[in-house]
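Trainee: I have a model open and I'd like to learn how to read it. Can we go through it feature by feature?

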Amino acid sequence: MEEESKKFISLLSDTTFKYLFKKNEYRKFFNELIKSVTDIDISDFKLYDAELNSGNNKRDYRLDILLVKDDIIIFVEMNQFPNENIMYRNRLFVYTLLSKSLNSGEDIKHKYVVQVNFNKEKHPFIGKASYVIMDELTKREIKDFKIYDIYLENYKDIIYNGDNKEKMYLSLFTASSYEELRRLAKDEKEALKVLDELERLAINDELGAVYDNEIMQKKMLNFAHDDGVEEGLKQGRKEEKISIAKNFLKDGLPIEMISKNTGLNIEELKNLLN
């Protein structure tokens, strides 16, 4: 099949990213990718949803990547069309995990919660950033909690030269054709295995339908977001803030810290507490 006649399947989509991540043949590629960002070796982590086969292929392909080992939880998200709403929802997910890890509102139970966001956007200064939460009043850092943001467009057009494997891996997510993918990967073994599978997936009608459905839905959500049709989204975000705040209040976090991390004001939080 000639290059131009193939359906291009991008690594950027949830569908392909999560499909490949769940295959043992490509775990080395993703292990090295995650380690380059977090310094955590995930080779013996359990993929939390590996046994959750719902019978719904659209849902199964799109399950979030949740890795667990002992007391470490890593949540991985691919944001092909990042916007404020998507990033906010990602943060809320981590705050929920954090809330469930708290003991008496002060000490973290022996949990280390990590979120890794792969974002298809360009940062003006850096390719990667990491964040922690700190109590505004006490300046006490919650050490067992971290968010990593990777700005994929900052790695565009990085060709493998023998000693830049991790950066080249990130560059693969910015490619828009199989020819470009192979130009970037050159002879790197693990990357080529992934690219071979992407080309095989191009003729997989079942996965192709799920892939197309995902792209269409995300574009529709972005269209609504960009056109200001957000009233429903705003209401949903408000309800999620309240839900997260209730968890934090139940676990005894300082009300000022909850206000800072949810955007709810002190009066609203006092009403929830009452």
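Trainee: What helices and strands does the protein have, and how many?
Mentor: The protein has 11 helices and eight strands. Residues are numbered from 1 along each chain as its sequence is written, and side-chain values use heavy atoms, with hydrogens and water left out.

Trainee: What pLDDT does the protein average?
Mentor: pLDDT is the predictor's confidence in each residue, from 0 to 100. Where it is low, the predicted coordinates should not be read in detail. Here the average is 77, and 68% of the residues score at least 70. Over residues 102–108 pLDDT stays under 50, and the model has 18 contacts for them beyond four places in sequence; a contact means heavy atoms within 4.5 Å. Residues 224–229 also stay under 50, with six such contacts.

Trainee: How much of the protein is buried?
Mentor: Buried means under 20% relative accessible area, exposed means over 50%, and partly exposed is in between, using a 1.4 Å probe and protein chains only. Of the 274 residues, 47% are buried. Take helix α1 (residues 14–21): eight of its eight residues are buried, including Asp14 and Lys18.

Trainee: Which residues have the most contacts inside the largest nonpolar core?
Mentor: A nonpolar core is a set of buried Ala, Val, Leu, Ile, Met, Phe, Trp, Tyr and Cys residues joined through side-chain atoms within 4.5 Å. The largest one has 47 residues, and Phe17, Leu67, Ile74, Phe118 and Leu172 have the most contacts inside it. Leaving aside neighbours within four places in sequence, Ile74 touches Ile40, Ile42, Phe45, Ile65, Leu66, Leu67, Val114 and Val116. There's also a second, separate core of 14 residues, with Val113 and Ile244 among them.

Trainee: How do I describe helix packing, say for α5 and α6?
Mentor: Two packed helices are described by the angle between their axes and the distance between the axes. The axes are lines fitted to C-alpha atoms, for helices over the stretch in contact, and angles run from 0 to 180 degrees between N-to-C directions. For α5 (residues 165–172) and α6 (residues 178–185), the axes come within 10 Å and cross at roughly 175 degrees. That makes α5 roughly antiparallel to α6; the label applies over 145 degrees, while under 35 is roughly parallel, 65 to 115 roughly perpendicular and the rest oblique. Met168, Ser171 and Leu172 of α5 meet Leu181, Leu184 and Ala185 of α6. Those residues divide into five nonpolar, one polar and no charged, where Ala, Val, Leu, Ile, Met, Phe, Trp, Tyr, Cys and Pro count as nonpolar, Asp, Glu, Lys and Arg as charged, and the others, Gly among them, as polar.

Trainee: At what angle do α2 and α5 cross?
Mentor: Helix α2 (residues 27–38) and α5 have axes that come within 10 Å and cross at roughly 105 degrees, so the two are roughly perpendicular. The α2 side of the contact includes Phe29 and Glu32, and the α5 side includes Lys165 and Tyr169. This contact divides into five nonpolar, one polar and three charged residues.

Trainee: Is Asp70 buried or exposed?
Mentor: Asp70 counts as exposed, at 65% relative accessibility. Asp70 lies in the loop between β2 (65–69) and β3 (72–79) and has a positive phi of about 50 degrees although it is not a glycine.

Key: Predicted model: local features only at pLDDT ≥ 70, side-chain atom pairs only at ≥ 80, totals over all residues. Helix = DSSP H or I, 4+ residues; strand = E, 2+ residues; numbered from the N terminus.
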